[in-house]
Amino acid sequence: GVFAFLAFAFSLMTFACHLYDYKLQPKWEKDFEDFVTCKSLNSTTKEEACDFDDINSKEGPCILASKPSINIIIVQLCAMFLCGVAVSTWVVTPATGRAWKKFCQRREKPPSSTTSRLRFGRISRAAVGPAPLARTP
């Protein structure tokens with residue numbers, strides 16, 4: 001139903017975000033490596049080389065060409081969270097609670113074999129009808 005569709009949709013969104021990361025991660029790593037190399041070659045002090053405050057700037061000798069989109073990361077995290085909510089809402093219902101209660105009661109005191117035979121006998125007699133009388137020749 002609805003919860004299965006929502007869980008599937010959010011899982012699909014998460015999968016798409018993973019594909020985006022997988023496809024572009026080598027490019028991001030190379031561009032960041034180039035940026036760090038440029039920073040270290042164009043700086044005169046150690047503090048200046050380790051200062052990444054200008055990582056988002058579009059001017060200057062060192063520019064980070066590409067980086068992951070924060071929006072995609074937020075979508076991925078929200079989709080994973082909402083998938084968990086959809087699945088847990090689908091599973092946590094009153095019927096599930098009754099099933100667990102019945103299971104726990106059954107585990108606490110198992111039925112005796114005579115009780116189950118009596119119940120089975122009553123059910124089969126009710127379904128088939130009374131036993132036929134024996135004929136005498």
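Tutor: Start with Cys38, which is buried because its relative accessible area is 18%. Buried means under 20% relative accessible area, exposed means over 50%, and partly exposed is in between (1.4 Å probe, protein chains only).

Student: Where is Cys38, and what is Cys38 in contact with, leaving aside its neighbours within four places in sequence?

Tutor: Cys38 sits in helix α1. Leaving aside neighbours within four places in sequence, Cys38 is in contact with Pro61 and Cys62. Contact means heavy atoms within 4.5 Å. The C-alpha atoms of Cys38 and Leu64 are separated by 9.8 Å, and these two residues are 26 residues apart along the chain.

Student: Before we go on, what kind of model is this?

Tutor: This is a predicted model, in which local features need pLDDT of at least 70, side-chain atom pairs count only at pLDDT 80 or more, and totals for chains, interfaces and linings use all residues. Residues are numbered from 1 along each chain as its sequence is written, and side-chain values use heavy atoms, with hydrogens and water left out.

Student: Ok. Is Asp31 buried or exposed?

Tutor: Asp31 is buried, because its relative accessible area is 13%. Asp31 is found in helix α1. Not counting residues up to four places away in sequence, Asp31 touches Leu64, Ala65 and Ser66.

Student: Zooming out, how many helices and strands does the protein chain have?

Tutor: The protein chain has five helices and zero strands, and from the N terminus on the elements run α-α-α-α-α. Helices (H or I, at least four residues) and strands (E, at least two) are DSSP runs, numbered from the N terminus.

Student: And how much of the chain is buried?

Tutor: Of the 137 residues in the protein chain, 14% are buried. The chain exposes about 11,500 Å², and carbon and sulfur atoms supply 67% of that area. Accessible areas come from the Shrake-Rupley method with a 1.4 Å probe; for residues, only the protein chains shown count as cover.

Student: What about contacts between residues 24 or more positions apart?

Tutor: They account for 63% of the contacts in the chain with a separation of 6 or more. As for distances between C-alpha atoms, those of Met80 and Thr14 are separated by 6.3 Å, with the two residues 66 residues apart along the chain. Met80 is in helix α3 and counts as partly exposed, because its relative accessibility is 39%.

Student: New topic. Which residues form the nonpolar patch on the surface?

Tutor: Val2, Phe3, Phe5, Leu6, Val87, Trp90, Val91 and Val92 form the patch, with about 770 Å² of accessible area together. Patches are made of residues with over 30% relative accessible area and no salt bridge: like charges are joined within 9 Å, nonpolar side chains (Val, Leu, Ile, Met, Phe, Trp, Tyr) within 5 Å. A salt bridge is a side-chain nitrogen of Lys or Arg within 4 Å of a carboxyl oxygen of Asp or Glu.

Student: Which helix gives the most to the patch?

Tutor: Helix α1 gives the most, with four residues. Helices α1 (2-41) and α3 (70-91) each supply at least two. Phe5 is in α1 and counts as exposed, because its relative accessibility is 57%.

Student: Last one: how many aromatic pairs are there in the whole structure?

Tutor: A search of the whole structure finds two. One of them is Trp100 and Phe103, which is edge-to-face, with 5.8 Å centre to centre and 90 degrees between the planes. Rings of Phe, Tyr and Trp (its six-membered ring) pair if their centres lie within 6.5 Å; planes under 30 degrees apart count as stacked, over 60 as edge-to-face and the rest as tilted. Trp100 and Phe103 both lie in helix α4 (residues 94-108), three residues apart, about one turn of the helix.
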